[in-house]
Amino acid sequence: MTEDNVLIRVDHLKKAFGDHVVLKDISETIHKGEKVVIIGPSGSGKSTFLRCLNLLEEPTDGQIWFEDTEITDPNVDINAIRRQIGMVFQHFNLFPNMTVKKNITLAPVRTGLMKQEEADKEAMRLLERVGLAEKAEAYPSSLSGGQKQRVAIVRALAMNPKMMLFDEPTSALDPEMVGEVLDLMKRLAEDGMTMAVVTHEIGFAKEVGTRVLFMDEGIIMEQNTPQEFFSNPQTARAQEFLSKVLS
Amino acid sequence: MSFFENIHNQFFQTFVGPEGDRWQQFLVGLGVSFRVLLGALVLGVVLGIIVAIIRTQKDQQRGNRKKPVLSVLNAICLVYTTVIRGTPMMVQLLIMGFVVFSASRHLILVAILSLGINSGAYVSEIIRSGIMSIDPGQMEAGRSLGMNYGTVMKDIIIPQAIKNILPALGNEMITLFKDTSLVTVIGLADLTKVAMQVQARTYQAFMPFIGIAAVYLVIVLCMTWIFGKLERRMRRSDRR
(Lines give C-alpha, C1' and ligand atoms only; values in the text may rest on other atoms or scores of the structure.)
Protein backbone atom coordinates (compact mmCIF):
# COMPACT_ATOMS: atom_id res chain seq x y z
CA MET A 1 0.00 0.00 0.00
CA THR A 2 1.17 3.51 -0.75
CA GLU A 3 1.97 6.15 1.83
CA ASP A 4 -0.93 8.48 0.99
CA ASN A 5 -3.33 5.70 1.86
CA VAL A 6 -2.36 6.04 5.50
CA LEU A 7 -5.20 7.29 7.70
CA ILE A 8 -3.63 6.96 11.14
CA ARG A 9 0.01 6.69 12.04
CA VAL A 10 1.06 6.02 15.63
CA ASP A 11 4.67 6.58 16.57
CA HIS A 12 6.17 5.30 19.84
CA LEU A 13 2.97 5.85 21.75
CA LYS A 14 3.20 5.55 25.53
CA LYS A 15 0.47 5.99 28.13
CA ALA A 16 0.73 5.82 31.90
CA PHE A 17 -1.85 6.52 34.58
CA GLY A 18 0.36 7.77 37.39
CA ASP A 19 2.91 5.02 37.97
CA HIS A 20 0.84 2.44 36.13
CA VAL A 21 2.16 2.05 32.59
CA VAL A 22 -0.61 0.83 30.30
CA LEU A 23 0.91 1.32 26.85
CA LYS A 24 4.64 0.79 26.64
CA ASP A 25 5.71 1.55 23.10
CA ILE A 26 3.29 1.25 20.22
CA SER A 27 3.98 2.13 16.60
CA GLU A 28 1.35 1.26 14.06
CA THR A 29 -0.31 2.50 10.90
CA ILE A 30 -3.90 2.06 9.80
CA HIS A 31 -4.67 2.47 6.10
CA LYS A 32 -7.88 3.61 4.48
CA GLY A 33 -10.40 0.80 4.13
CA GLU A 34 -8.73 -1.46 6.66
CA LYS A 35 -10.75 -3.28 9.30
CA VAL A 36 -8.33 -3.71 12.18
CA VAL A 37 -9.45 -5.99 14.97
CA ILE A 38 -7.69 -5.57 18.30
CA ILE A 39 -7.87 -8.50 20.68
CA GLY A 40 -6.09 -9.49 23.87
CA PRO A 41 -6.67 -10.29 27.53
CA SER A 42 -8.29 -7.68 29.77
CA GLY A 43 -5.85 -5.13 31.11
CA SER A 44 -3.67 -5.48 28.03
CA GLY A 45 -4.29 -1.85 27.02
CA LYS A 46 -6.49 -2.42 23.95
CA SER A 47 -9.18 0.03 25.00
CA THR A 48 -6.62 2.61 26.08
CA PHE A 49 -4.91 2.29 22.70
CA LEU A 50 -8.20 2.81 20.88
CA ARG A 51 -9.10 5.78 23.08
CA CYS A 52 -5.74 7.39 22.36
CA LEU A 53 -6.56 7.43 18.64
CA ASN A 54 -9.12 10.23 19.15
CA LEU A 55 -7.36 11.60 22.21
CA LEU A 56 -10.04 10.64 24.72
CA GLU A 57 -6.92 9.53 26.56
CA GLU A 58 -4.01 11.92 26.32
CA PRO A 59 -0.81 10.02 25.47
CA THR A 60 2.07 10.37 27.92
CA ASP A 61 4.59 10.25 25.10
CA GLY A 62 4.80 9.65 21.36
CA GLN A 63 2.97 11.04 18.34
CA ILE A 64 -0.22 10.24 16.49
CA TRP A 65 -0.98 11.51 12.99
CA PHE A 66 -4.43 11.57 11.43
CA GLU A 67 -3.88 12.02 7.70
CA ASP A 68 -1.43 14.95 7.62
CA THR A 69 -2.19 16.36 11.05
CA GLU A 70 -0.23 15.54 14.16
CA ILE A 71 -3.11 15.30 16.62
CA THR A 72 -0.83 15.02 19.66
CA ASP A 73 0.33 18.59 18.98
CA PRO A 74 -1.18 20.70 21.81
CA ASN A 75 -2.15 23.45 19.34
CA VAL A 76 -4.23 21.23 17.08
CA ASP A 77 -8.03 21.71 17.02
CA ILE A 78 -8.91 18.31 18.42
CA ASN A 79 -12.64 18.86 17.93
CA ALA A 80 -12.13 19.17 14.18
CA ILE A 81 -10.25 15.84 14.19
CA ARG A 82 -12.81 14.07 16.34
CA ARG A 83 -15.58 15.05 13.91
CA GLN A 84 -13.87 12.79 11.37
CA ILE A 85 -13.48 9.81 13.71
CA GLY A 86 -16.68 8.16 14.93
CA MET A 87 -16.62 6.26 18.20
CA VAL A 88 -18.91 3.57 19.59
CA PHE A 89 -18.72 2.72 23.27
CA GLN A 90 -19.31 -0.45 25.26
CA HIS A 91 -22.08 1.19 27.27
CA PHE A 92 -23.63 3.05 24.28
CA ASN A 93 -23.52 6.43 26.10
CA LEU A 94 -26.67 7.69 24.43
CA PHE A 95 -27.96 10.99 25.82
CA PRO A 96 -30.96 9.94 27.97
CA ASN A 97 -32.48 13.44 28.03
CA MET A 98 -33.04 13.49 24.26
CA THR A 99 -35.08 11.52 21.75
CA VAL A 100 -33.28 9.12 19.42
CA LYS A 101 -33.49 11.63 16.60
CA LYS A 102 -32.11 14.46 18.75
CA ASN A 103 -29.27 12.17 19.86
CA ILE A 104 -28.30 11.76 16.23
CA THR A 105 -28.76 15.35 15.05
CA LEU A 106 -27.22 17.18 18.02
CA ALA A 107 -23.57 16.94 17.00
CA PRO A 108 -24.00 17.67 13.24
CA VAL A 109 -26.09 20.75 14.09
CA ARG A 110 -23.99 22.03 16.99
CA THR A 111 -20.73 21.69 15.09
CA GLY A 112 -22.17 23.52 12.08
CA LEU A 113 -21.94 20.51 9.77
CA MET A 114 -25.63 20.59 8.88
CA LYS A 115 -28.79 22.64 9.37
CA GLN A 116 -31.47 21.13 11.62
CA GLU A 117 -33.80 20.06 8.76
CA GLU A 118 -30.92 18.60 6.82
CA ALA A 119 -29.71 16.70 9.89
CA ASP A 120 -33.25 15.47 10.60
CA LYS A 121 -33.51 14.08 7.08
CA GLU A 122 -30.11 12.43 7.31
CA ALA A 123 -31.02 10.95 10.70
CA MET A 124 -34.22 9.46 9.31
CA ARG A 125 -32.38 8.06 6.30
CA LEU A 126 -29.81 6.37 8.55
CA LEU A 127 -32.44 5.13 11.00
CA GLU A 128 -34.36 3.58 8.12
CA ARG A 129 -31.23 1.81 6.99
CA VAL A 130 -30.84 0.17 10.41
CA GLY A 131 -34.57 -0.51 10.73
CA LEU A 132 -35.22 1.87 13.63
CA ALA A 133 -37.15 4.65 11.90
CA GLU A 134 -40.21 4.13 14.11
CA LYS A 135 -38.07 4.80 17.20
CA ALA A 136 -37.05 8.30 16.07
CA GLU A 137 -39.20 10.07 18.66
CA ALA A 138 -38.59 7.53 21.46
CA TYR A 139 -36.25 8.11 24.38
CA PRO A 140 -33.23 5.81 24.80
CA SER A 141 -34.60 4.29 28.02
CA SER A 142 -37.34 2.56 26.02
CA LEU A 143 -34.91 0.80 23.65
CA SER A 144 -33.34 -2.63 24.02
CA GLY A 145 -29.56 -2.90 24.33
CA GLY A 146 -29.13 -3.89 20.71
CA GLN A 147 -31.31 -1.02 19.54
CA LYS A 148 -29.35 1.41 21.73
CA GLN A 149 -26.07 0.31 20.23
CA ARG A 150 -27.43 0.58 16.67
CA VAL A 151 -28.59 4.12 17.46
CA ALA A 152 -25.15 4.88 18.88
CA ILE A 153 -23.56 3.67 15.64
CA VAL A 154 -25.96 5.82 13.62
CA ARG A 155 -25.15 8.79 15.85
CA ALA A 156 -21.46 8.40 15.01
CA LEU A 157 -22.22 7.88 11.30
CA ALA A 158 -24.28 11.07 11.14
CA MET A 159 -21.04 13.05 11.37
CA ASN A 160 -19.96 11.34 8.14
CA PRO A 161 -16.66 10.16 9.65
CA LYS A 162 -13.66 8.86 7.74
CA MET A 163 -13.12 6.16 10.31
CA MET A 164 -14.95 4.38 13.11
CA LEU A 165 -13.59 3.20 16.46
CA PHE A 166 -15.50 0.46 18.27
CA ASP A 167 -14.66 -0.12 21.94
CA GLU A 168 -16.10 -3.55 22.80
CA PRO A 169 -19.43 -2.70 21.15
CA THR A 170 -21.13 -6.00 22.02
CA SER A 171 -19.71 -6.70 25.49
CA ALA A 172 -22.59 -5.11 27.40
CA LEU A 173 -25.30 -6.78 25.32
CA ASP A 174 -27.50 -9.77 26.06
CA PRO A 175 -26.39 -12.67 23.87
CA GLU A 176 -29.45 -12.59 21.63
CA MET A 177 -28.76 -8.95 20.73
CA VAL A 178 -25.14 -9.35 19.72
CA GLY A 179 -26.07 -10.51 16.22
CA GLU A 180 -28.00 -7.42 15.17
CA VAL A 181 -25.12 -5.13 16.14
CA LEU A 182 -22.48 -7.29 14.44
CA ASP A 183 -24.65 -7.45 11.29
CA LEU A 184 -24.75 -3.67 11.14
CA MET A 185 -20.98 -3.49 11.62
CA LYS A 186 -20.50 -6.02 8.82
CA ARG A 187 -22.62 -3.93 6.47
CA LEU A 188 -20.58 -0.89 7.43
CA ALA A 189 -17.40 -2.80 6.64
CA GLU A 190 -18.79 -3.87 3.26
CA ASP A 191 -19.49 -0.21 2.46
CA GLY A 192 -15.77 0.40 2.79
CA MET A 193 -15.61 2.14 6.17
CA THR A 194 -12.21 2.13 7.85
CA MET A 195 -12.67 0.45 11.23
CA ALA A 196 -10.69 -0.27 14.37
CA VAL A 197 -12.54 -2.69 16.60
CA VAL A 198 -11.70 -3.86 20.11
CA THR A 199 -13.72 -7.03 20.57
CA HIS A 200 -13.93 -10.53 21.97
CA GLU A 201 -16.03 -11.74 19.02
CA ILE A 202 -13.62 -14.12 17.30
CA GLY A 203 -16.19 -14.97 14.62
CA PHE A 204 -16.54 -11.31 13.68
CA ALA A 205 -12.76 -10.88 13.62
CA LYS A 206 -12.38 -13.83 11.25
CA GLU A 207 -15.17 -12.77 8.94
CA VAL A 208 -14.74 -9.00 8.77
CA GLY A 209 -11.21 -8.21 9.90
CA THR A 210 -8.45 -7.57 7.41
CA ARG A 211 -5.83 -7.57 10.14
CA VAL A 212 -5.65 -8.72 13.75
CA LEU A 213 -3.56 -7.00 16.40
CA PHE A 214 -2.92 -9.11 19.47
CA MET A 215 -2.09 -6.91 22.45
CA ASP A 216 -0.70 -7.92 25.80
CA GLU A 217 1.17 -6.08 28.56
CA GLY A 218 0.93 -2.75 26.76
CA ILE A 219 2.48 -3.74 23.45
CA ILE A 220 1.32 -5.24 20.18
CA MET A 221 2.72 -8.74 20.60
CA GLU A 222 1.70 -10.13 17.29
CA GLN A 223 -0.21 -9.17 14.17
CA ASN A 224 -1.36 -11.04 11.13
CA THR A 225 -4.27 -11.70 8.82
CA PRO A 226 -7.18 -13.26 10.73
CA GLN A 227 -6.81 -16.60 8.91
CA GLU A 228 -3.12 -16.87 9.77
CA PHE A 229 -3.43 -15.54 13.30
CA PHE A 230 -6.25 -17.77 14.45
CA SER A 231 -4.97 -20.94 12.82
CA ASN A 232 -1.30 -20.40 13.46
CA PRO A 233 -0.46 -17.99 16.32
CA GLN A 234 3.26 -17.40 16.72
CA THR A 235 3.82 -16.20 20.28
CA ALA A 236 3.24 -18.29 23.38
CA ARG A 237 0.98 -15.60 24.88
CA ALA A 238 -1.26 -15.59 21.81
CA GLN A 239 -1.46 -19.38 21.80
CA GLU A 240 -2.41 -19.39 25.47
CA PHE A 241 -5.02 -16.65 24.96
CA LEU A 242 -6.60 -18.35 21.96
CA SER A 243 -6.75 -21.73 23.67
CA LYS A 244 -8.76 -20.05 26.43
CA VAL A 245 -11.22 -18.10 24.28
CA LEU A 246 -11.69 -20.71 21.58
CA SER A 247 -12.21 -23.69 23.87
CA MET B 1 -63.90 40.86 77.13
CA SER B 2 -64.37 37.40 75.70
CA PHE B 3 -61.57 35.46 74.04
CA PHE B 4 -62.96 35.94 70.53
CA GLU B 5 -63.49 39.64 71.06
CA ASN B 6 -59.88 39.87 72.21
CA ILE B 7 -58.63 38.05 69.10
CA HIS B 8 -60.77 40.21 66.87
CA ASN B 9 -59.48 43.30 68.58
CA GLN B 10 -55.86 42.28 68.19
CA PHE B 11 -56.41 41.38 64.56
CA PHE B 12 -57.92 44.78 63.89
CA GLN B 13 -55.10 46.63 65.63
CA THR B 14 -52.38 44.63 63.89
CA PHE B 15 -53.64 44.52 60.33
CA VAL B 16 -55.91 47.59 60.09
CA GLY B 17 -54.86 50.09 62.75
CA PRO B 18 -56.16 53.61 63.43
CA GLU B 19 -55.39 54.79 59.89
CA GLY B 20 -56.58 51.55 58.31
CA ASP B 21 -53.39 51.01 56.31
CA ARG B 22 -51.31 48.57 58.37
CA TRP B 23 -52.01 45.64 56.02
CA GLN B 24 -50.41 47.72 53.30
CA GLN B 25 -47.20 47.95 55.34
CA PHE B 26 -47.19 44.18 55.56
CA LEU B 27 -47.62 43.95 51.78
CA VAL B 28 -44.77 46.39 51.19
CA GLY B 29 -42.61 44.35 53.57
CA LEU B 30 -43.50 41.17 51.70
CA GLY B 31 -42.56 42.89 48.45
CA VAL B 32 -39.14 43.72 49.89
CA SER B 33 -38.70 40.10 51.00
CA PHE B 34 -39.53 38.90 47.51
CA ARG B 35 -37.15 41.35 45.84
CA VAL B 36 -34.35 40.16 48.11
CA LEU B 37 -35.26 36.54 47.35
CA LEU B 38 -35.29 37.02 43.57
CA GLY B 39 -32.06 39.02 43.49
CA ALA B 40 -30.25 36.60 45.78
CA LEU B 41 -31.60 33.63 43.82
CA VAL B 42 -30.24 34.90 40.51
CA LEU B 43 -26.90 35.88 42.04
CA GLY B 44 -26.68 32.58 43.93
CA VAL B 45 -27.38 30.42 40.87
CA VAL B 46 -24.94 32.35 38.67
CA LEU B 47 -22.20 32.19 41.32
CA GLY B 48 -23.05 28.55 41.99
CA ILE B 49 -22.73 27.51 38.34
CA ILE B 50 -19.41 29.33 37.92
CA VAL B 51 -17.91 27.86 41.09
CA ALA B 52 -19.25 24.37 40.30
CA ILE B 53 -17.75 24.37 36.80
CA ILE B 54 -14.36 25.57 38.04
CA ARG B 55 -14.33 22.94 40.77
CA THR B 56 -15.36 20.05 38.51
CA GLN B 57 -12.94 21.08 35.78
CA LYS B 58 -10.19 20.97 38.35
CA ASP B 59 -11.35 17.57 39.63
CA GLN B 60 -11.63 16.10 36.15
CA GLN B 61 -8.30 17.45 35.01
CA ARG B 62 -6.27 14.62 33.54
CA GLY B 63 -2.98 14.16 31.81
CA ASN B 64 0.25 15.97 32.43
CA ARG B 65 -0.74 19.46 31.42
CA LYS B 66 -1.39 21.41 34.61
CA LYS B 67 -3.23 24.65 34.22
CA PRO B 68 -2.00 27.19 36.81
CA VAL B 69 -4.92 29.60 36.24
CA LEU B 70 -7.37 26.83 37.01
CA SER B 71 -5.53 25.95 40.20
CA VAL B 72 -5.67 29.56 41.42
CA LEU B 73 -9.38 29.86 40.57
CA ASN B 74 -10.05 26.57 42.28
CA ALA B 75 -8.25 27.73 45.43
CA ILE B 76 -10.35 30.92 45.48
CA CYS B 77 -13.54 28.87 45.10
CA LEU B 78 -12.49 26.56 47.91
CA VAL B 79 -11.84 29.46 50.29
CA TYR B 80 -15.17 31.00 49.30
CA THR B 81 -17.27 27.89 49.96
CA THR B 82 -15.40 27.08 53.16
CA VAL B 83 -15.73 30.55 54.69
CA ILE B 84 -19.35 31.05 53.65
CA ARG B 85 -20.52 27.64 54.76
CA GLY B 86 -18.51 27.85 57.98
CA THR B 87 -19.96 31.10 59.33
CA PRO B 88 -23.56 31.97 60.32
CA MET B 89 -25.75 33.79 57.82
CA MET B 90 -26.61 36.43 60.43
CA VAL B 91 -22.94 37.19 61.08
CA GLN B 92 -22.30 37.50 57.34
CA LEU B 93 -25.16 39.99 57.11
CA LEU B 94 -23.79 42.02 60.02
CA ILE B 95 -20.34 42.12 58.42
CA MET B 96 -21.72 43.11 55.01
CA GLY B 97 -24.08 45.71 56.49
CA PHE B 98 -21.87 47.32 59.10
CA VAL B 99 -18.29 46.64 57.96
CA VAL B 100 -18.06 46.25 54.19
CA PHE B 101 -20.95 48.49 53.15
CA SER B 102 -21.36 50.53 56.35
CA ALA B 103 -21.75 53.75 54.35
CA SER B 104 -24.25 52.37 51.85
CA ARG B 105 -27.89 53.34 52.03
CA HIS B 106 -28.96 50.79 49.41
CA LEU B 107 -29.92 48.30 52.06
CA ILE B 108 -31.78 46.09 49.63
CA LEU B 109 -28.67 45.71 47.46
CA VAL B 110 -26.57 44.87 50.51
CA ALA B 111 -29.14 42.25 51.49
CA ILE B 112 -29.23 40.75 47.98
CA LEU B 113 -25.44 40.64 47.85
CA SER B 114 -25.14 38.97 51.27
CA LEU B 115 -27.82 36.36 50.68
CA GLY B 116 -26.73 35.76 47.08
CA ILE B 117 -23.11 35.18 48.04
CA ASN B 118 -24.25 32.89 50.83
CA SER B 119 -26.61 30.95 48.62
CA GLY B 120 -24.01 30.62 45.84
CA ALA B 121 -21.76 28.59 48.11
CA TYR B 122 -24.51 26.05 48.79
CA VAL B 123 -25.83 26.04 45.21
CA SER B 124 -22.32 25.39 43.88
CA GLU B 125 -22.01 22.25 45.99
CA ILE B 126 -25.46 21.09 44.85
CA ILE B 127 -24.63 21.67 41.18
CA ARG B 128 -21.23 20.03 41.61
CA SER B 129 -22.82 16.92 43.03
CA GLY B 130 -25.27 16.97 40.12
CA ILE B 131 -22.51 17.20 37.52
CA MET B 132 -20.54 14.44 39.22
CA SER B 133 -23.62 12.21 39.29
CA ILE B 134 -23.58 12.09 35.47
CA ASP B 135 -21.73 9.14 33.91
CA PRO B 136 -18.35 10.33 32.49
CA GLY B 137 -19.32 8.39 29.35
CA GLN B 138 -21.76 11.20 28.54
CA MET B 139 -18.95 13.75 28.32
CA GLU B 140 -16.80 11.28 26.36
CA ALA B 141 -19.58 10.54 23.88
CA GLY B 142 -20.20 14.25 23.35
CA ARG B 143 -16.52 15.07 22.95
CA SER B 144 -15.94 12.07 20.64
CA LEU B 145 -18.51 13.60 18.27
CA GLY B 146 -16.39 16.74 18.02
CA MET B 147 -18.44 19.06 20.21
CA ASN B 148 -16.48 21.35 22.52
CA TYR B 149 -16.56 21.21 26.33
CA GLY B 150 -18.98 24.11 26.68
CA THR B 151 -21.54 22.68 24.25
CA VAL B 152 -21.47 19.24 25.88
CA MET B 153 -21.86 20.84 29.31
CA LYS B 154 -24.76 23.05 28.20
CA ASP B 155 -26.72 20.56 26.08
CA ILE B 156 -25.96 17.21 27.70
CA ILE B 157 -24.49 17.38 31.21
CA ILE B 158 -26.24 20.37 32.83
CA PRO B 159 -29.81 19.41 31.73
CA GLN B 160 -29.37 15.92 33.19
CA ALA B 161 -27.67 17.30 36.31
CA ILE B 162 -30.48 19.77 36.93
CA LYS B 163 -33.04 17.01 36.78
CA ASN B 164 -31.11 15.11 39.45
CA ILE B 165 -30.63 18.10 41.76
CA LEU B 166 -34.05 19.72 41.42
CA PRO B 167 -35.23 18.58 44.88
CA ALA B 168 -32.04 19.90 46.50
CA LEU B 169 -32.30 23.19 44.57
CA GLY B 170 -35.92 23.54 45.70
CA ASN B 171 -34.84 23.08 49.29
CA GLU B 172 -32.13 25.68 48.89
CA MET B 173 -34.64 28.17 47.47
CA ILE B 174 -36.96 27.60 50.43
CA THR B 175 -34.09 28.05 52.89
CA LEU B 176 -33.09 31.23 51.08
CA PHE B 177 -36.63 32.58 51.30
CA LYS B 178 -36.80 31.94 55.03
CA ASP B 179 -33.34 33.47 55.48
CA THR B 180 -34.61 36.75 54.02
CA SER B 181 -36.15 37.37 57.46
CA LEU B 182 -32.61 37.85 58.78
CA VAL B 183 -32.09 41.03 56.76
CA THR B 184 -34.00 42.73 59.58
CA VAL B 185 -30.66 43.02 61.43
CA ILE B 186 -29.27 45.49 58.90
CA GLY B 187 -32.42 47.59 59.17
CA LEU B 188 -34.13 46.62 55.92
CA ALA B 189 -37.94 46.80 56.20
CA ASP B 190 -38.83 43.30 55.05
CA LEU B 191 -41.90 41.37 56.18
CA THR B 192 -40.38 40.44 59.55
CA LYS B 193 -39.23 43.98 60.24
CA VAL B 194 -42.74 45.29 59.54
CA ALA B 195 -44.15 42.80 62.05
CA MET B 196 -41.66 44.03 64.63
CA GLN B 197 -42.56 47.67 63.93
CA VAL B 198 -46.25 46.93 64.32
CA GLN B 199 -45.59 45.05 67.52
CA ALA B 200 -43.69 48.05 68.89
CA ARG B 201 -46.69 50.23 68.23
CA THR B 202 -49.50 47.96 69.43
CA TYR B 203 -47.61 46.23 72.25
CA GLN B 204 -49.10 42.99 70.99
CA ALA B 205 -46.77 40.21 69.83
CA PHE B 206 -49.17 37.36 69.14
CA MET B 207 -50.98 38.59 66.04
CA PRO B 208 -48.11 40.10 63.98
CA PHE B 209 -45.71 37.21 64.50
CA ILE B 210 -48.23 34.38 64.12
CA GLY B 211 -49.55 36.29 61.10
CA ILE B 212 -46.22 36.49 59.26
CA ALA B 213 -45.42 32.88 60.22
CA ALA B 214 -48.58 31.87 58.38
CA VAL B 215 -47.58 34.00 55.37
CA TYR B 216 -44.10 32.43 55.22
CA LEU B 217 -45.64 28.96 55.55
CA VAL B 218 -48.15 29.46 52.76
CA ILE B 219 -45.48 30.77 50.39
CA VAL B 220 -43.14 27.86 51.20
CA LEU B 221 -45.98 25.42 50.53
CA CYS B 222 -46.58 27.06 47.16
CA MET B 223 -42.89 26.73 46.29
CA THR B 224 -42.90 23.06 47.29
CA TRP B 225 -45.90 22.46 45.06
CA ILE B 226 -44.34 24.23 42.07
CA PHE B 227 -41.08 22.30 42.42
CA GLY B 228 -42.98 19.02 42.73
CA LYS B 229 -44.77 19.75 39.45
CA LEU B 230 -41.52 20.73 37.74
CA GLU B 231 -39.84 17.56 38.90
CA ARG B 232 -42.60 15.31 37.58
CA ARG B 233 -42.44 17.11 34.28
CA MET B 234 -38.69 16.66 33.90
CA ARG B 235 -38.92 12.95 34.73
CA ARG B 236 -41.05 12.32 31.65
CA SER B 237 -38.12 11.17 29.54
CA ASP B 238 -37.43 8.36 32.05
CA ARG B 239 -40.72 6.62 31.53
CA ARG B 240 -41.40 6.68 27.82
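Modeller: Start with α3(A), where A:Val100, A:Lys101, A:Asn103, A:Ile104, A:Thr105, A:Leu106, A:Ala107 and A:Pro108 are buried. Buried here means under 20% relative accessible area, exposed means over 50%, and partly exposed is in between, using a 1.4 Å probe and protein chains only. Keep in mind that this is a predicted model: local features need pLDDT of at least 70 and side-chain atom pairs count only at pLDDT 80 or more, while totals for chains, interfaces and linings use all residues. Residues are numbered from 1 along each chain as its sequence is written, chains are lettered from A and ligands numbered from 1 in the order they are written, and side-chain values use heavy atoms, leaving out hydrogens and water.

α3(A) covers residues 100–110, and eight of its 11 residues are buried. (Helices are DSSP runs of H or I, at least four residues, and strands are runs of E, at least two, numbered from the N terminus.) The cover over those buried residues includes α4 (116–129) and α5 of chain A, together with α7 (149–179) of chain B. After α3(A) comes A:Gly112, with a positive phi near 80 degrees.

Now follow α5(A), one of those covering helices. It meets α6(A) through residues including A:Ile153 and A:Leu157, with A:Leu184 and A:Leu188 among those on the α6(A) side; contact means heavy atoms within 4.5 Å.

On to the rings. The whole structure has eight aromatic pairs over all chains. Rings of Phe, Tyr and Trp (its six-membered ring) pair if their centres lie within 6.5 Å, and planes under 30 degrees apart count as stacked, over 60 as edge-to-face and the rest as tilted. B:Phe3 and B:Phe4 have ring centres 5.5 Å apart and planes at 75 degrees, so that pair is edge-to-face. B:Phe3 is exposed at 57%, and B:Phe4 is exposed too, at 68%. B:Phe11 and B:Phe15 have centres 5.0 Å apart and planes at 50 degrees, so they are tilted. Both sit in helix α1 (residues 3–15) of chain B, four residues apart, about one turn of the helix. B:Phe11 is partly exposed at 43%, whereas B:Phe15 is buried at 16%.

Back in chain A, A:Phe214, A:Phe229, A:Phe230 and A:Phe241 form one aromatic cluster.
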